[in-house]
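Here is a short briefing on one protein model. It is grouped by topic for quick reading.

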Amino acid sequence: MRTSKWMITAALLVSMSAAAQQAADPQSAQPPAQSPAPAVTPTDASQPPAAAPADGSQPAATQSNQAAAPALAEPTPPPAQPAPVTMDQVVNLFILREHGLIKMLSNRTPVVETYLQNLTSDPQLGPVPSDDHYFLGRLDMGETVDRKDYLKDDQKEGMQARLLGGFHKLYKVEYQPVGFSWMVYVDRTDFDREHYDFTYIRREFLGDVRCLVFDVKPKPKSGRGRFLGRIWVEDQDFNIVRLNGTYSQGVKNTYFFHMDSWRLNLIPGYWVPSYIYSEEGDFSAGVKNRIAFKAQTRVWGYDLKKGGKDDELTQIRVDSVKDETSSTQDASPLQAERVWQQQAEDNVVERLTSAGLLAPEGDVDKILQTVVNNLEVTNNIDLPRPVRTRVLLTAPLETFSVGNTIVISRGLIDVLPDEASLAAVLSHELAHIVLGHNLGSQYAFNDRMLFSDDSTYQNLGFRHIPEEEAAADKKALELLKNSPYAQKLDNVGLFLKILQLRAGSLNALLTTHLGNPLASAGTITRLSGLSTQGPALDVNKLDQIAALPLGGRIKINPWDDKAEMVKTSPVAITSARDKMPFEVTPFYPRLARFGAGTAQQGAAPTSAAAANTTPSPNPSN
Ligand SMILES: [Zn+2]
């Protein structure tokens, strides 16, 4: 039984109680008991399976063994249902689909990341980040929504550590990461007609997908923590694709976030929770806020492949190693050293990928490798093995290298303003490779890869000593000055200047987990030789874009972790407040059905300003 996992009811709390009180009594956050899920789920067990459609494409037998499916088997699409005739039937269908989704995901443990910025009001720029927090964990989508965190720097064990993640108690307001995780479902246990009233509002397009919009209200006395808001249901299979609202009031001193939660159709028949935006606070005159923040939660790694000996990629690599080595010759000591380094590199790349932290090799790498290649060619760099690149899936601004692989985080690619700035951060890692600053050869021993995914940060690390950092920066500058980017280093200088300006309020975003930080204690440490380059930073100058908001460049497919470049058309910046460097913005993915068209599956998180321009065919609003 998993009733001990009471944290589900703690999920939504922001505890407003004083830090001291929390520290004295860690159990004080214990929520009131909530009755467990009813034994009979009315929409699930009591309904006979729908008859197979006439074409026989969806045999009814497939649904009986859904629960027995092995952990990583491809999900079976839900059985087809007769087309609804009334809105009442539509409600029955989306309740049924929601229960089907909860069941399908119950054996999954995706990665969940929440990045949160507390806000303060700047007279010119409006709300700007004052400090920030970062949570990264694995979400157990079983009977409860539980999570395990990757960040364990508070040295706490057990429940408390899982609830608080790496977030210390020094803060007056505590954000509990489980709270953000909760928002993946409307109601994990009681989403039915006994607990909710549904009101049909209108039809509306979200991206390419026509939806039916319903308001959802908890029935009186249906209990605390019920969803209150609006849902969008696609009009083909009647899956919920978006939910927007909050949860009804909880116990004293607790607070429920408002949230906008989006799902993507990444596999046939299901829309899986992918993005959640939360925001609180009001900066209008006269309002006195207790909290003001905005936060992005992303879920990915639903279908993590465990890298084993029968992994297809391993087979390919073994073949290529054989090809390179002549069978009539023994390896020289130098060759042996290189093979050893490559083995370590391969082990690390494979392990980070299976932990859900690294995207598989893909289109973004082609762009990164082109930039690296530009640096190599113009500097006559000829390495025994080509430099590879990979995208770290997380938000903190971070790069590192292992062997000949350069890793750069999604968040860093997002905020870099141009290709020259990208070249600058890559040049530092290329310099480490050129200078032979090899790290990580200990990872050629396979026992060192045997750790749980959530302890990755305790088991892997690629930090250089200060002398190597300084040498790499010096070499990087040299590489850049010979490169096609030599004339554009002013932009790099601007990026470093705004990073310096904001570094003090973006500690979590600048805290690296595997490599050396770009800044420490509020001061830029990386590429500091370039930080005086270029014009003075002017945050009010509209055509001076020193850094971009998070989420504008890279999109991740939450099912298979593939990274893609976001395709957006430029939106004119009309005020200094539009620039939002390093900031969190709402999500507005362009929804599309599975397999429809090209490459919309990862969805582009863009600012709400770029919203939904497709008119509704039924303009009842
Ligand atoms: Zn370095």
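Is phenylalanine 238 buried or exposed? At 9% relative accessibility, phenylalanine 238 counts as buried. The model is predicted. The protein chain holds 14 helices and 19 strands. Of its 621 residues, 52% are buried.

**Overall build**
- Among contacts in the protein chain with a separation of 6 or more, 67% join residues 24 or more positions apart.
- The protein chain exposes about 27300 Å², and carbon and sulfur atoms supply 53% of that area.
- A nonpolar surface patch is formed by Leu542, Ile545 and Ile573, with about 200 Å² of accessible area together.
- Ile545 belongs to the loop between strand S17 (523–524) and strand S18 (554–556). Its relative accessible area is 33%, so Ile545 is partly exposed.

**Zinc site**
- Three residues supply the protein donors of the zinc ion: His428 (NE2), His432 (NE2) and Glu469 (OE). They lie 1.9 to 2.1 Å from the ion.
- Along the chain, the donors follow the spacing H-x3-H-x36-E.
- Histidine 428 sits in helix H10 (residues 419–434) and glutamate 469 in helix H12 (residues 466–481). This pair links distant parts of the chain, 41 residues apart.
- Histidine 428 and glutamate 469 are both buried.

**Helix H7**
- Helix H7 (residues 333–354) has 22 residues. From first C-alpha to last it reaches 32 Å, close to the 32 Å expected at 1.5 Å a residue.
- Buried residues in H7 include Gln341, Glu345, Asp346, Val349 and Leu352.
- Just after H7, glycine 356 takes a positive phi of about 80°.

**Salt bridges**
- The whole structure contains 30 salt bridges.
- Aspartate 346 and arginine 388 meet in one of these, at 3.0 Å from N to O. Aspartate 346 lies in helix H7 and arginine 388 in strand S13 (residues 388–392), so the pair ties together parts that are 42 residues apart in sequence.
- Arginine 526 bridges to glutamate 429, with the closest N and O atoms 3.8 Å apart. Arginine 526 is in the loop between S17 and S18, and glutamate 429 is in helix H10, 97 residues away in the chain. Both residues are buried.
- Aspartate 215 pairs with arginine 230, the closest N and O atoms being 2.7 Å apart. Aspartate 215 is in strand S7 (residues 209–218) and arginine 230 in strand S8, so the bridge ties together parts that are 15 residues apart in sequence.
- Aspartate 215 is partly exposed at 23%, and arginine 230 is partly exposed at 23%.
- Arg203, Arg210, Glu234, Asp235 and Arg593 are linked in a network of salt bridges.

- Phenylalanine 238 is not a glycine, yet has a positive phi of about 65°. It is found in the loop between strand S8 (227–234) and strand S9 (240–247).
- Aspartate 561 also has a positive phi, near 70°. Aspartate 561 lies in the loop between S18 and strand S19 (563–565), and is buried at 3% relative accessible area.

**A buried arginine**
- Arginine 502 is placed in helix H13 (residues 489–503). At 8% relative accessibility, arginine 502 counts as buried.
- Beyond its neighbours within four places in sequence, arginine 502 is in contact with Leu125, Val128, Pro129, Pro581, Phe582 and Glu583.

Technical notes: Residues numbered from 1 in each chain as written. Predicted model: local features only at pLDDT ≥ 70, side-chain atom pairs only at ≥ 80, totals over all residues. Heavy atoms only, no water. Patch = residues over 30% accessible without salt bridge, like charges linked within 9 Å, V, L, I, M, F, W, Y side chains within 5 Å. Areas by Shrake-Rupley, 256 points an atom, 1.4 Å probe, with all protein chains shown as cover. Salt bridge = Lys/Arg side-chain N within 4 Å of Asp/Glu carboxyl O. Helix = DSSP H or I, 4+ residues; strand = E, 2+ residues; numbered from the N terminus. Buried < 20%, exposed > 50% of the residue type's maximum accessible area, 1.4 Å probe, protein only. Contact = heavy atoms within 4.5 Å. Expected span 1.5 Å × (residues − 1). Donors = N, O, S within 2.8 Å, 3.2 Å for Na, K, Ca; no water.
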